[in-house]
Amino acid sequence: MPRILGVDIPNDKRTEISLRYIYGIGPFLAQQLCERSGIDPAKPARDLTEDDLAKLAALLDNEYTVEGQLRRQIQQNIGRLREIGCYRGLRHRKGLPVRGQRTRTNARTRKGPRKTVAGKKGVKEMR
């Protein structure tokens, strides 16, 4: 398996597809990287030479924020929002949806499993 920036990319897939296994690289950027480094996007990743891998690694290292550096940057941004106490920071702190989604229904991914509250099932009203 070829290794770029500490990430093993799959052998059997096309170079264009295997580059997407690196955090921060999507379809457009993968295609752009192949063009800029002069690599055929349809070539399987196992056929990449050490020279090709070095070109890709150098290009990613110098011009793009990917992998650990990108994760760190995102965490710092979230930490800053929490610190200044803005609305988005409060939503992050409470573990609720940040981008304006409804929470009355749905939002289970952010809120976690339901916390059932006991109701007044068998209590009769007295007059």
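Student: What distance separates the centres of domain 1 and domain 2, taken over C-alpha atoms?

Tutor: This is a predicted model, in which local features need pLDDT of at least 70, side-chain atom pairs count only at pLDDT 80 or more, and totals for chains, interfaces and linings use all residues. Residues are numbered from 1 along each chain as its sequence is written, and side-chain values use heavy atoms, without hydrogens and water. Domain 1 covers 3-63 and domain 2 covers 77-125, with bounds from an automatic or database domain assignment. Taken over C-alpha atoms, their centres are separated by 39 Å.

Student: Is threonine 15 buried or exposed?

Tutor: Threonine 15 is in helix α1, residues 15-18 (a helix is a DSSP run of H or I with at least four residues, numbered from the N terminus). Beyond residues up to four places away in sequence, threonine 15 touches Cys34, Ile39, Asp40, Pro41, Lys43, Pro44, Ala45 and Leu48 (contact means heavy atoms within 4.5 Å). Buried means under 20% relative accessible area, exposed over 50%, partly exposed in between, with a 1.4 Å probe and protein chains only. Because its relative accessibility is 0%, threonine 15 counts as buried.

Student: How far apart are the C-alpha atoms of aspartate 47 and proline 2?

Tutor: Aspartate 47 lies in the loop between α2 (27-37) and α3 (50-63). Its relative accessible area is 41%, so aspartate 47 is partly exposed. Aspartate 47 and proline 2 are 45 residues apart along the chain, and their C-alpha atoms are separated by 9.2 Å.

Note on methods
Helix = DSSP H or I, 4+ residues; strand = E, 2+ residues; numbered from the N terminus.
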